[in-house]
Each structure stands twice: as structure tokens, then as C-alpha cells.
Amino acid sequence: MKHAILFAMAFFLSIGIHAQKNGELWLDTSGKHINAHGGNIIKYGDKYYWYGENRPYRGFTTEVGVEVYSSTNLQDWKDEGVALSVSETPGHDIERGCIMERPKVVYNPKTQKFVMLFHLELKGRGYDAARVAFAESDSPVGPFRFIRSTRINADKWPFDFTKKQIKAAQKTDASKWKEWWTPAWRAETEKGMYLWRDMAGGQMSRDMTVYIDTDGKAYHITSSQENLTLLVSELTDDFLDFTGKYNMVAPGGQNEAPCIFKHDGNYWLICSGCTGWAPNEARMFVSKSIWGPWKSLPSPFEGTSNYQNFTAKKTFGAQGTYIFNERTDGTGRFIFMADIWNPQHLSQSLHLWLPIDYKADGTPVIRWVDNPEVKAGL
């Protein structure tokens, strides 16, 4: 009987995602919950690599770094260890105790390097640094070499700002607004009040993603201006800096956790609202160009989940992190990756993968499934 139980347990662990239902802990090949949050998945060679925040059981500062897992089938995930470790050097940008969030890794075919970008907050400063950080590696599993962290697009206006818009922004003054959320405050925000406030030092960058377009161009999409406005910024060819070309999306709209994909000639951007660790209703935008204009649409989520009966109004209790295609040739389904946050024990936050379907008019729709049944491909 004892041997039968042990065999059953081993079989249970070996079948990977078939035993990893949405709303439950997801186990790696060693039987531990996958501790990779806010990250992304890439395919390189014959393996998929899943990067994410290694979160502590208690507390929320970064004590380890960015973890990486590998899989040949999108089902069974092997822990490959820490791709980028925190530094033990006092005063280092990624000193142990900093906050490293939303790591995104992309492969650059020109430099043949793996590039990681992530949201960084400096140790002991809460969320006021609001930087993007860069790291690089010759291998998908690392170790990644930390390069630098920075604010973005200093002394540069959005490329599509007119002279009239620039003059209007320059007349704003963020320091005089002690009361937020009034109609007058919102009007100033939409003019670019926080854009102008941060012009010299560079724009804030918090929740972020990286998107590689079909032409190979890379873009950094981030929540900026006190989490009020999204910025879309073009990256240089080596993915290690910004070209200076950027624009604003939904100024004053309070969008974070951006996730983006392209389908049938449309760019679809799915975001969350700003309610801390608590879930909220997702938002969606669509555009024919990465540069907009972006049209606001209702949440793509429909129905109720099998996890604590969270409804679409709460994005099934989750917050998005990335959207990937099952197949590298683009013929598979797009999968929406999200975290169901557990703020008391962040390492135990649950993973949620949901396939993206489409309505008759081509609009994306996301409904709950217990098992995403991802199908690895070319």
C-alpha cells in the first residue's frame, strides 16, 4: 500500500500542468510551487523559459532575485535557479531588500543576447524611485549581468505632441494640487502635468512589459506619471536603451499591469486598474498601430471563476502579467498569464493562465477554464 501511494504521488507530480489547475498551487518538477510572478515566457531552441519574481513567503521586498524555469512542453517546469540575483553590495541598485518587479526577458537576434528589463525600486525608498532596469546574459538561464537602472525619456516630449500641447503642459504645476481626483486636477493631468513635472529627471516607470513586434522592433510599455498614464517607448536595436520616441496612452486613466498582443492586424492592450494587491476590473484598448490612437473598450473578461467565485468584474481575482502564443510560428492560441496575489504570503500567489478567444466581430474574450491545456509548438 505504501509503495502504491508513493507511486501515485510520483505520477501526480510528473504530469505537470494536468495536475496544475487554475485556482490551485502549480508545482514544478521537484514538487514545489512555481515562484515566478509578474514575469513572462519565451521560447529558445527546444525549450520554453518562464521568468518571474522570486517572492518571499513573508514581506514584499526582493531577497533573492528573478527566478527562471524551463520546459519542453509548457506543462512540466524545472526550476533552473536564479537568473538575476540581488547584490550584497550596500548601495547597489539591486541591493538585497530593493523591489524588483515585472521582469521581462527577450532574445535579441542581432546581438545574440538575452535582455531583461524590470521595474526597480531602490532599497528603503518605497516606490518613489520608479525606475526601469536592464540586465543581459549569454544564456537563457543566466546568470544575467545587471547593467543599470534609470528613469526614462528625460528631456523629451512625446513624439506626437504638438507645439500647442507642449505649451499647455508647460503651464501646469503639479505642486499646487493638494487635492487629487477633482475635475480640474484631472484636466491638468490630461494636459501632461506630471509629464512636465518629471521632464528633467525622466519619466516614472512602474508596472511594465516588453513587446517585440512582427518587424523585430521592441517597445517598453509602462505605467507612469504616478500610475496615471501608460507610456509606449521604442527601444534601441540592442534592446538596452530608449530611442527617445514615445507617446502617452490614456492619460489620467489609472492603468497598470499592461499586457499586449497582436491579432488580425490589431494591437490589443489589456490592463488593470490601480487597487494595490486587491483585484479589479480589467480594461482593454485596441489600435491599428503601436503608436495609437488607442480606443478604449470594456473588459474582455466574461463569466465567473471556479476560484472563490470571483467574477469578470474582478478579473477572476487576478492581475495580468503577460500574453504569449502557444506556438512560435504564431498559429497557436494566445494565453493570458496572470497572478492571483496572496499579499500575506506572496510566494504562494497563484498562477492563472486563460486562453483568449474571439467574438464574432473579432473582439477578444476571456473566460474561466479550470485547465488551460496549453499546446507547445514550433
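## Basis of the description

The model is predicted, and local features need pLDDT of at least 70, side-chain atom pairs count only at pLDDT 80 or more, and totals for chains, interfaces and linings use all residues. Residues are numbered from 1 along each chain as its sequence is written, and side-chain values use heavy atoms, with hydrogens and water left out.

Helices (H or I, at least four residues) and strands (E, at least two) are DSSP runs numbered from the N terminus. Two strands pair if DSSP finds at least two bridges between them.

## The sheet β9 to β12

Four strands form an open sheet in the order β9-β10-β11-β12, and the pairing is antiparallel. At the edges stand β9 (208–212) and β12 (242–249); each has a single partner strand, so one side of each is left without a neighbour in the sheet. From one strand to the next the twist averages 25°; axes are lines fitted to C-alpha atoms, for helices over the stretch in contact, and angles run from 0 to 180 degrees between N-to-C directions.

Five bridges join β11 and β12 in the antiparallel sense. V232 has N247 in β12 as its bridge partner.

## The sheet β13 to β16

Another open sheet of four strands has the order β13-β14-β15-β16, again with antiparallel pairing. Its edge strands, β13 (256–263) and β16 (295–297), each pair on one side only. The twist in this sheet averages 25° from one strand to the next.

β13 pairs with β14 (residues 266–272) in the antiparallel sense over six bridges. Within this sheet, C259 has I270 of β14 as its bridge partner.

## Nonpolar cores

A nonpolar core is a set of buried Ala, Val, Leu, Ile, Met, Phe, Trp, Tyr and Cys residues joined through side-chain atoms within 4.5 Å. Buried means under 20% relative accessible area, exposed over 50%, and partly exposed in between (1.4 Å probe, protein chains only). The largest nonpolar core has 24 residues, and I270, F301, I323, F336 and L352 have the most contacts inside it. Two or more residues each come from β13, β14, β15 (283–287), β19 (334–340) and β20 (350–358). A second, separate core has 22 residues, including A83, V105, A133 and F146.

I270 is in contact (heavy atoms within 4.5 Å) with residues that include its bridge partner C259. Leaving aside residues up to four places away in sequence, I270 also touches F261, M284, F301, I323 and F336, among others.

## Helix α3

In helix α3 (residues 183–191), the buried residues are W185, E188 and T189. Seen down the helix axis, these fall within an arc of 105°, so they line one face of α3; the arc is that of the directions from the helix axis to the C-beta atoms. Among what covers the buried residues of α3 is α4 (193–197). G192 follows α3 and has a positive phi, near 110°.

## Backbone exceptions

Most residues other than glycine have a negative phi, and most peptide bonds are trans. R102, in strand β5 (residues 99–108), has a positive phi near 55° and is buried, at a relative accessible area of 3%. N227 has a positive phi of about 65°; N227 lies in the loop between β10 (218–224) and β11 (229–235) and is buried, at 15%.

The peptide bond joining G142 and P143 is cis, with omega about 10°, and P143 lies in the loop between β7 (131–137) and β8 (145–150). The bond from G292 to P293 is also cis, with omega near 5°; P293 is found in the loop between β15 and β16.
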